[in-house]
Amino acid sequence: ERINALAQQDLSNLVAAVETEVGVPVDHVMEVDFAGMTSLVDLVGGIHVRVESPLRDRMSGLAIDGPGCVTLDGEQALALLRSRHLEVQRESGDWLPELRSDLGRMEYQRAVAVATLSDLETRPDPFEANQLADWVVENVTVDDALGVGEIARLIEATLTLDPGSVSQATLPVVLYEPDHNRLAIDPNAAPAAVAASLDGGPLPDEPPIAGLPPAALGGNVTAC
């Protein structure tokens, strides 16, 4: 069963899948909906991401001029996070599909997360912990074991985290044999990547996926 389907059923099922299939222990769960994500980006005054080429998704409403560093408001940040039909404009003016699908979406989601952290740190007016606390109360669902004190410590850690110290990697995957429109965890390469992440060691390079068509170049999105 696909992991996003588990998330829609029950968060406990999602946690069980992450712990048993991926091998990553989960202490607590925090869930933010679309409206919450939009409001957070707007609360910090927009986020800054770098794109290599203009991007669009006519299904999600995404429209980003490029190349270079651009500012996204909450609506455009959400459109990027939800993009499943991303297109990249080449120098010729033609629009080509970005073929990595959900792998690309994970990259964009990481970029938005890091950009949000960065803009929390570099706002002209200091972003105060109580502002983020108010946002958490209004927009975040947490598990029953996550108390107020621990939430406060998480907020404090968030506001002092150096975005440049954040390591990012995609869990190694392979084409799912029964259906090549899906991906499965690579049983050979994934354990080493998970162990490196848990131990704080260097993350392995992300190898190309055998059988996956090359992506349209220029779709990369990173924090400025």
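Glu87 counts as buried because its relative accessibility is 13%. Buried means under 20% relative accessible area, exposed over 50%, and partly exposed in between, with a 1.4 Å probe and protein chains only. This is a predicted model, in which local features need pLDDT of at least 70 and side-chain atom pairs count only at pLDDT 80 or more, while totals for chains, interfaces and linings use all residues. Residues are numbered from 1 along each chain as its sequence is written, and side-chain values use heavy atoms, with hydrogens and water left out.

Glu87 is found in strand β6, residues 87-89. Helices (H or I, at least four residues) and strands (E, at least two) are DSSP runs, numbered from the N terminus. Contact means heavy atoms within 4.5 Å. Leaving aside neighbours within four places in sequence, Glu87 is in contact with Pro54, Leu55, Arg56 and Arg58, and also with Trp95, Leu96, Pro97 and Glu98. Ser53 is 34 residues from Glu87 in sequence, and the two are 9.9 Å apart in space, C-alpha to C-alpha.

In the Arg56 salt bridge with Glu87, the closest N and O atoms are 2.8 Å apart. Arg56 lies in strand β3 (residues 55-57) and Glu87 in strand β6, so this pair ties together parts that are 31 residues apart in sequence. Arg58 also forms a salt bridge with Glu87, with the closest N and O atoms 3.3 Å apart. Arg58 lies in the loop between β3 and β4 (62-64) and Glu87 in strand β6, so this pair ties together parts that are 29 residues apart in sequence. The side chains of Glu87 and Arg58 are also joined by a polar contact of 3.3 Å. A polar contact is a pair of N or O atoms within 3.5 Å; within protein, one must be able to donate a hydrogen and the other to accept it, and residues adjacent in sequence count only if both atoms are side-chain atoms. Arg58 is exposed, with a relative accessible area of 62%.

The whole structure holds 3 salt bridges. One of them joins Arg182 to Asp179, with the closest N and O atoms 3.6 Å apart. Arg182 counts as partly exposed, at 35% relative accessibility. Asp179 is partly exposed too, at 25%.

Now turn to the sheet. Its 3 strands form an open sheet in the order β5-β2-β11, with antiparallel pairing. Two strands pair if DSSP finds at least two bridges between them. The edge strands are β5 and β11, each pairing on one side only. From one strand to the next, the twist averages 40°. Strand β2 (residues 47-51) and β5 run antiparallel, joined by 5 bridges. Arg50 stands opposite Cys69 in β5.

Cys69 leads on to a covalent link. The structure has 1 disulfide, where a disulfide is a pair of cysteine sulfur atoms within 2.5 Å. This disulfide joins Cys69 to Cys224, S to S 1.9 Å. The pair links distant parts of the chain, 155 residues apart: Cys69 is in strand β5 (residues 68-72), and Cys224 is in the segment after β11 (221-223). The link of Cys69 and Cys224 is right-handed, with 125° about the S-S bond. Cys69 counts as partly exposed at 40% relative accessibility. Cys224 counts as partly exposed at 37%.

Helix α4 lies across β2, β5 and β11, running at about 110° to β5. Axes are lines fitted to C-alpha atoms, for helices over the stretch in contact, and angles run from 0 to 180 degrees between N-to-C directions. Why is helix α4 largely enclosed by the rest of the structure? Because 7 of its 8 residues (74-81) are buried. Among them are Gly74, Gln76 and Leu81. At the start of α4, a side-chain oxygen of Asp73 reaches to within 3.2 Å of the backbone nitrogen of Glu75.

Thr116 counts as buried, at 7% relative accessibility. Its side chain reaches the backbone oxygen of Val112 at 2.7 Å. Leaving aside neighbours within four places in sequence, Thr116 is in contact with Met37, Leu40 and Ile47.

Note on methods. Salt bridge = Lys/Arg side-chain N within 4 Å of Asp/Glu carboxyl O.
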